[in-house]
Amino acid sequence: MLRKNVRVLQQLFSPSVQHTLDLAGIFVFAISGALLAVRKNFDVFGIAVLAEVTALGGGLFRDVIIGAVPPAAFTDLGYFLTPLFAALLVFFLHPQVERIQAGVNVFDAAGLGLFCVAGTTKAYEYGLSLTASACLGLATAVGGGVLRDVLANEVPSLLRWDRDLYAVPAMVGATLVALCIRYDVLNPFTSGLAALTAFVLRLLALRFHWRAPRAWNRRSTVREEQSPS
């Protein structure tokens with residue numbers, strides 16, 4: 001009964017609209033990867049690789065874990081070409097893209113909300129438990145960013161205290177979806193509310209610089225790095 005209710009998400013949008021939303025989220029994530037590559041002084045190949053990894057890494061990880069193979073990134077040309085288009089845009093217009101970083105952050109937050117919901121529901125459809133589904137929903141939303149930072153030789157942003165909350169909003173969104181499934185109230189409205197909650201939390205974290213607490217009575221000698229403005 002619960003798994004049947006997961007399919008209500010498919011009634012919210014037509015397949016073409018769902019595909020468009022996926023591509024929009026992929027595009028924005030790819031922009032963030034390409035921008036980091038430019039800041040790291042990567043060449044055009046490096047820019048393209050970071051764009052692809054950031055955009056598709058989380059979804060690929062989820063699909064491999066749940067056995068949804070081959071992943072959509074390898075069966076839909078649009079999933080592969082969209083990050084390349086974003087990389088090309090950043091390659092030629094990165095000063096202009098940097099200037100609209102605030103707008104990119106808004107769309108990135110929207111992608112975070114959509115992907116944590118979609119990742120959780122897809123994992124549950126493939127037979128995972130609610131807890132495991134929520135974890136994969138989180139991985140779908142933030143996995144690409146982790147791979148991006150590792151390839152760029154940086155500590156992943158979601159592990160750094162000096163960065164605004166990113167994983168926590170996705171975790172909240174995925175948990176809300178899992179709770180909706182558990183209590184048999186998953187529908188287009190509640191799933192949209194979960195995505196909206198993650199979206200708003202991320203925007204508030206950016207606006208007020210919310211950060212996770214560090215260890216109690218910490219005595220670290222590691223120098224703190226300042227987040228870029």
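Biologist: How many Å should the 25 residues of helix H7 span, and how far apart are its end C-alpha atoms?

Modeller: Please keep in mind that this is a predicted model, and that the values below are computed from it. Helix H7 covers residues 101-125, and at 1.5 Å a residue its 25 residues should span 36 Å. The expected span is 1.5 Å times one less than the number of residues, and because the end C-alpha atoms of H7 are 35 Å apart, the model agrees with that expectation. After H7 comes Gly127, which has a positive phi, near 100 degrees.

That angle leads to other places where the backbone deserves attention. Most residues other than glycine have a negative phi, and most peptide bonds are trans. Asp184, although it is not a glycine, has a positive phi of about 60 degrees, and this residue is found in the loop between helix H9 (167-182) and helix H10 (188-208). With a relative accessibility of 38%, Asp184 counts as partly exposed, because that class lies between the 20% limit for buried and the 50% limit for exposed. His209, which is not a glycine either, has a positive phi of about 55 degrees, and its place is in the segment after H10. As for the peptide bonds, a cis bond joins Val69 and Pro70, with omega about -5 degrees, and Pro70 lies in the loop between H4 and helix H5 (72-75).

Cys135 counts as partly exposed at 48% relative accessibility, whereas Cys180, at 13%, counts as buried, because buried means under 20%. A disulfide would need a pair of cysteine sulfur atoms within 2.5 Å, and by this rule the count comes to zero disulfides.

Terms used. Residues are numbered from 1 along each chain as its sequence is written. This is a predicted model: local features need pLDDT of at least 70, side-chain atom pairs count only at pLDDT 80 or more; totals for chains, interfaces and linings use all residues. Side-chain values use heavy atoms; hydrogens and water are left out. Helices (H or I, at least four residues) and strands (E, at least two) are DSSP runs, numbered from the N terminus. Buried means under 20% relative accessible area, exposed over 50%, partly exposed in between (1.4 Å probe, protein chains only).
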